[in-house]
Amino acid sequence: MTWLCLILSTKLSLLEILLRDTVKKTIYTWVGAGRSVLVSVNPYQNLDLYGDDQIDLHRNKPPNKPLPPHVFAIANDSYDSMHFEGRNQSVLISGESGAGKT
C-alpha cells in the first residue's frame, strides 16, 4: 500500500507542476535528478522559444548557471555525450498527432 501512495503522490506532484508551468507558459519541465528527462506540454499556441538566441544560449551555456528546461538542452547534452565521450544516445519523442514533434 505504501508504494501505491508514493506513486499516486508522485503523479499528483507532476500534474501540479505541469499545471503551474502551463499557466506561466513554461512548457518544459525537468523530471528526475539527472536532468535527462524533459516533459513538454503542448500550449496550443505559438511561443517564441526556438530562435537562434535559444540555440546559442544552450550551445554556449554559462558554467555554474542552470538554464531553464528546454528541448535544446537535451539535444546539446546528447550531442556532447556522443561527440566528446563517445557514448551512444537515444531520444524518445512522444505525443499526439499534430503536436509539433517534428
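Me: Let's begin with a loop. Where does Asn64 lie?

Reply: Asn64 lies in the loop that runs between helix 2 (52-59) and helix 3 (71-85). Keep in mind that this is a predicted model.

Me: What is the phi of Asn64?

Reply: The general idea comes before the case. Most residues other than glycine have a negative phi. In this structure, phi of Asn64 is near 60°. That is a positive value, and the residue is not a glycine.

Me: Is Asn64 buried or exposed?

Reply: Exposed, with a relative accessible area of 83%. The cut-off for that word is over 50%.

Me: On to charges. How many salt bridges are there?

Reply: Again, the idea comes before the case. Side chains of opposite charge can pair when their charged atoms come close. The cut-off here is a Lys or Arg side-chain nitrogen within 4 Å of an Asp or Glu carboxyl oxygen. By this rule, the count is 2 salt bridges.

Me: Which residue forms a salt bridge with Asp77?

Reply: Lys61 does, and the closest N and O atoms of the pair are 3.0 Å apart. Asp77 belongs to helix 3, while Lys61 sits in the loop between helix 2 and helix 3, so the pair ties together parts 16 residues apart in sequence.

Me: How exposed are these two, Asp77 and Lys61?

Reply: Asp77 is partly exposed, at 30% relative accessible area. Lys61 is also partly exposed, with 43% relative accessibility.

Me: Which residue meets Glu85 in a salt bridge?

Reply: Arg87 does; the N to O distance is 3.5 Å. Glu85 is exposed, with a relative accessible area of 51%. Arg87 has 49% relative accessibility and counts as partly exposed. The two labels differ because exposed means over 50%.

Me: Which elements give two or more residues to the lining of the largest pocket?

Reply: Strand 2 (37-40) and helix 3 do. Strand 2 gives the most, with 4 residues.

Me: How does the lining of the largest pocket divide by class?

Reply: There are 18 nonpolar, 9 polar and 2 charged residues in the lining. Watch the classes when you read those counts: Tyr counts as nonpolar, and Gly as polar.

Methods. Residues are numbered from 1 along each chain as its sequence is written. This is a predicted model: local features need pLDDT of at least 70, side-chain atom pairs count only at pLDDT 80 or more; totals for chains, interfaces and linings use all residues. Side-chain values use heavy atoms; hydrogens and water are left out. Buried means under 20% relative accessible area, exposed over 50%, partly exposed in between (1.4 Å probe, protein chains only).
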